[in-house]
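Please have the sequence and the model to hand while reading.

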Amino acid sequence: MTVASITEGAIFRRVSRTGTVWGPRISEKLVWWIVRRRAETAGIERLAPHDLRRTCARLCHAAGGELEQIQFLLGHRSAETTERYLGSRQRLASAVNDKIGLEPDSGGP
């Protein structure tokens, strides 16, 4: 940000061929164009920017990221919205509360 002399506003901005920064930010249309172009290059038929957002959330979760941190990253007001992104399902075979370690002694009373 220092090198680009950006002190306020959006970080991602349009840059001319001569390297001059212009405009307050890149447009949604440009983001769509970039994602589509890269998807074509990668051989992916259908890909939208929102797919990348959802994938980022799921990868963070799979790597052990906490729901609240992922919610903050995505800017969701509700944890329920983040849970829908993650496709969270309760795993009964390996329930999270089974890891608390409050098992009774097996030695009897």
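Contact means heavy atoms within 4.5 Å. Helices (H or I, at least four residues) and strands (E, at least two) are DSSP runs, numbered from the N terminus. The structure is a predicted model, in which local features need pLDDT of at least 70 and side-chain atom pairs count only at pLDDT 80 or more, while totals for chains, interfaces and linings use all residues. Residues are numbered from 1 along each chain as its sequence is written, and side-chain values use heavy atoms, with hydrogens and water left out.

**Overall architecture**

- The protein chain contains four helices and two strands, arranged along the sequence in the pattern β-β-α-α-α-α.
- Of its 109 residues, 12% count as buried; buried means under 20% relative accessible area, exposed over 50%, and partly exposed in between, with a 1.4 Å probe and protein chains only.
- Among contacts in the protein chain with a separation of 6 or more, 16% are accounted for by residues 24 or more positions apart.

**Packing of α2 and α3**

- Helix α2 spans residues 49-62 and helix α3 spans residues 67-74; their axes come within 10 Å and cross at roughly 155°.
- That angle makes α2 roughly antiparallel to α3. Angles under 35 degrees count as roughly parallel, over 145 as roughly antiparallel, 65 to 115 as roughly perpendicular and the rest as oblique.
- Axes are lines fitted to C-alpha atoms, for helices over the stretch in contact, and angles run from 0 to 180 degrees between N-to-C directions.
- From α2, the residues R53, C56, A57, C60 and H61 make the contact, and from α3, I70, L73 and L74.
- By class, the contact of α2 with α3 has six nonpolar, one polar and one charged residues. Ala, Val, Leu, Ile, Met, Phe, Trp, Tyr, Cys and Pro count as nonpolar, Asp, Glu, Lys and Arg as charged, and the others, Gly among them, as polar.
- The loop between α2 and α3 includes G65, which counts as partly exposed because its relative accessibility is 29%.
- Leaving aside neighbours within four places in sequence, G65 is in contact with C60 and I70.

**Packing of α2 and α4**

- The axes of α2 and α4 lie 8 Å apart, and the two helices pack at an angle of about 95°; α2 is therefore roughly perpendicular to α4.
- On the α2 side, H50, R53, R54, A57, R58 and H61 meet R84, Y85 and L86 in α4.
- By class, the contact of α2 with α4 has three nonpolar, two polar and four charged residues.

**Packing of α3 and α4**

- α3 and α4 also pack at an angle of about 95°, with their axes 9 Å apart, and they are therefore roughly perpendicular to each other.
- L67, I70, Q71 and L74 of α3 make this contact with A79, T82, E83, Y85 and L86 of α4.
- By class, the contact of α3 with α4 has six nonpolar, two polar and one charged residues.

- I70, Q71 and L74 are the buried residues of α3.
- These residues lie on the same side of α3 because they cover an arc of only 105° around the axis; the arc is that of the directions from the helix axis to the C-beta atoms.
- What covers the buried residues of α3 includes α2 and α4.
- On the other side of α3, E68, Q69, F72 and L73 are exposed.
- G75 follows α3 and has a positive phi, near 75°.

- Helix α4 comprises residues 79-86, of which T82, Y85 and L86 are buried.
- They cover an arc of only 95° around the axis, so they are on the same side of α4.
- The cover over the buried residues of α4 includes α2 and α3, whereas E80 and R84 are exposed on the other side of α4.
- T82 counts as buried because its relative accessibility is 0%.
- Not counting residues up to four places away in sequence, T82 touches L67, I70, Q71, L74 and H76.
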